[in-house]
Amino acid sequence: SSAVRSLMRRLLRSISQLPENAQPHYRLQVRNSFVSHSDETGEARIAEIIERADEDRRWVLAKYGVKE
């Protein structure tokens with residue numbers, strides 16, 4: 001879905017703002033999360049996952065002191 005593709009772009013853009021030594025870890029984490037949730041079909045569940053991923057993204061950016 002377009003919401004999922006948009007989330008992936010947002011996550012990858014955010015990862016590129018992190019320190020270089022942290023980027024591989026978070027890229028792998030994002031990839032693994034997408035793979036583990038690839039069988040989700042319920043719209044409500046997908047929206048829930050997207051919201052949680054955005055919360056986590058904001059937390060990681062704040063952890064490294066990156067402004068959105």
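At what angle do H1 and H2 pack, and how far apart are their axes? The two helices pack at an angle of about 165°, with axes 9 Å apart; axes are lines fitted to C-alpha atoms, for helices over the stretch in contact, and angles run from 0 to 180 degrees between N-to-C directions. H1 and H2 are therefore roughly antiparallel to each other (angles over 145 degrees count as roughly antiparallel, and those under 35 as roughly parallel).

This is a predicted model, in which local features need pLDDT of at least 70 and side-chain atom pairs count only at pLDDT 80 or more, while totals for chains, interfaces and linings use all residues. Residues are numbered from 1 along each chain as its sequence is written, and side-chain values use heavy atoms, with hydrogens and water left out.

On the H1 side, the contact with H2 (heavy atoms within 4.5 Å) is made by Val4, Leu7, Met8, Leu11, Leu12, Ile15 and Ser16. H2 contributes Gln23, Tyr26, Arg27, Val30 and Phe34.

The axes of H1 and H3 come within 11 Å and cross at roughly 10°. That makes H1 roughly parallel to H3. Here Ala3, Val4, Leu7, Arg10, Leu11 and Ser14 of H1 meet Ile46, Ile50, Ala53, Asp54, Arg57 and Leu61 of H3.

**Largest pocket**

The largest pocket has a volume of about 660 Å³. Its lining comprises 25 residues, of which Leu7, Leu11, Ser33, Phe34 and Ala53 lie nearest the centre.

By class, the pocket lining has 15 nonpolar, six polar and four charged residues.

Methods:
On a 1 Å grid over the protein atoms alone, a cavity is a set of points where a 1.4 Å probe fits but cannot get out, and a pocket is an open set with protein on both sides within 12 Å along at least five of seven lines; lining residues have an atom within 4 Å of a point. Grid points are joined across faces, edges and corners, and a volume is the space filled by probe spheres set on the points. Ala, Val, Leu, Ile, Met, Phe, Trp, Tyr, Cys and Pro count as nonpolar, Asp, Glu, Lys and Arg as charged, and the others, Gly among them, as polar. Helices (H or I, at least four residues) and strands (E, at least two) are DSSP runs, numbered from the N terminus. Angles under 35 degrees count as roughly parallel, over 145 as roughly antiparallel, 65 to 115 as roughly perpendicular and the rest as oblique.
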